[in-house]
Amino acid sequence: MSLNERIESLKNKAAEFSIEKKENVEEFRLKFLSKKGELNDLFDAFKLLVGEEKRELGKQLNILKQSIEEKLNQAKEKFGSEKKFSADAVDLSLPVNAFSAGSLHPVSIVKNEILEIFEKIGFTVEYGPEIEDDWHNFTALNFAENHPARDMQDTFFVEKEPKGNYALRTHTSSVQVRLMENTKPPIRALMPGRVYRNEDVSARSNCFFHQVEGLYIDENVSFADLKQTLYYFVSQFFGERDIRFRPSYFPFTEPSAEMDIYLGMETEQDARLTKGTGWLEILGCGMVDPNVLKNCGIDPEKYSGFAFGMGIDRITMLKYGIKDIRQMFENDVRFLEQF
Ligand code: DAH
């Protein structure tokens, strides 16, 4: 068959191809217009021609191509327009569905803010397990067996052998121990996490809450470094405020202190939070006890360090004026969507 005849025959075939339903549209396109379609074969043959013949047949081929494309477009319009009304069609005139994307929990917001402030001065972030053994939660931290200090914290013990050895950690100080055991000084880290205490639930205390622990171990670390670091934190988080250190006691630090910031008593809330003193305690701190360093395999002759621990929940309540700690853990969207 000459190319001329083949063009004629394809023209008839395309004209006779009946497009009766949606599926036929794609069949038609594949058969005639796709790369492997019949029209392409003719164009391949046409490329071999020369002169007048090439010009003449080129014209015919282009006319054929246009007519096939036209038939395809008409079919697309016909069957495509039906789609608008089918069950799975998208109705573009409907109002936007305002789905809720969720937001960070206020405790997470405050935690992130604290971590960022300390990251700027070179503190890394470390995590430890919430089910902790006696060694990491108490013994390594210088709580002697039967030491009365163990009564400072009412503990949720966990049924795991050996009995009495495992508990939900009562503070993030346990992560300090794990870090010192596994890392060579210098160590500069923040350790955030959830802690548990067997306490009566009230507006001010919950049976679980959140702490962030800080630890800095190196040669020649002094109490002055501790004060300066905490002063930096307060100025970043609360703005320029007075702070004060009161002597205190923790088994794992010596000397130990509690740090207060000055809120003043101008507002009723400040007066209530500070119990009429203007000062609010926000963290415990101290120089890591040499015994603790020894327990964790760090030479106390060579290294010293400071540690501190603060409750994130209380700071969150302070920041947002939340009056009842329980509100933060009820998962009430009306509360949560305010942050
Ligand atoms: N672990 C203490 C608590 O839960 C807080 C604390 C006090 C942590 C002094 C420290 C520290 O690292 O040095 O009450």
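Predicted model: local features only at pLDDT ≥ 70, side-chain atom pairs only at ≥ 80, totals over all residues.
**Group meeting talk: a walk through the model**

What does Tyr216 pair with? The ring of Tyr216 sits with its centre 5.3 Å from that of Phe306, and the two planes make an angle of 75°, so this pair is edge-to-face. The pair links distant parts of the chain, as Tyr216 belongs to strand S5 (residues 208-218) and Phe306 to strand S9 (residues 304-311), 90 residues apart. Phe306 has a relative accessible area of 0%, so Phe306 is buried too.

One aromatic cluster takes in Phe118, Phe123, Tyr216, Phe233, Phe237, Phe238, Phe306 and Phe308. Across the whole structure, the search turns up 22 aromatic pairs.

Now let's step back to the whole chain. The protein chain holds 12 helices and 9 strands. How do its 339 residues compare with a compact globule? For a compact globule of that length the radius of gyration would be near 20 Å, whereas the protein chain has 38 Å. Along the principal axes, the C-alpha atoms fill a box of roughly 105 × 50 × 45 Å.

What about burial and contacts? Of the 339 residues in the protein chain, 41% are buried. Among contacts with a separation of 6 or more, 64% join residues 24 or more positions apart. The accessible surface of the protein chain is about 19700 Å², and carbon and sulfur atoms account for 50% of that.

H2 covers residues 22-33, which makes 12 residues; at 1.5 Å a residue it should span 16 Å, and its end C-alpha atoms are 17 Å apart, which agrees. Which residues of H2 are buried? They are Asn24, Val25, Phe28 and Phe32. Looking down the axis of H2, the buried residues fall within an arc of 110°, so they line one face of the helix.

Last topic: the backbone. As a reminder, most residues other than glycine have a negative phi, and most peptide bonds are trans. So where does this model do something else?

Let me take the peptide bonds to begin with. The bond from Glu161 to Pro162 is cis, with omega near -10°, and Pro162 is in the loop between helix H6 (134-137) and strand S3 (166-168). Another cis bond runs from Glu254 to Pro255, with omega near 0°. Pro255 is located in strand S7 (residues 253-262).

Then there is phi. Asn142 is not a glycine, yet its phi is positive, near 80°. You will find Asn142 in the loop between H6 and S3. Is Asn142 buried, exposed or partly exposed? Its relative accessibility is 22%, so Asn142 counts as partly exposed. Asn331 is also not a glycine and has a positive phi, about 55°. Asn331 lies in the loop between helix H11 (312-320) and helix H12 (333-336). With a relative accessibility of 60%, Asn331 counts as exposed.

Definitions and conventions:
Residues numbered from 1 in each chain as written. Heavy atoms only, no water. Helix = DSSP H or I, 4+ residues; strand = E, 2+ residues; numbered from the N terminus. Expected span 1.5 Å × (residues − 1). Buried < 20%, exposed > 50% of the residue type's maximum accessible area, 1.4 Å probe, protein only. Arc of directions from axis to C-beta. Rg over C-alpha atoms; globule rule 2.2 N^0.38 Å. Contact = heavy atoms within 4.5 Å. Areas by Shrake-Rupley, 256 points an atom, 1.4 Å probe, with all protein chains shown as cover. Phe/Tyr/Trp six-rings, centres within 6.5 Å; stacked < 30°, edge-to-face > 60°.
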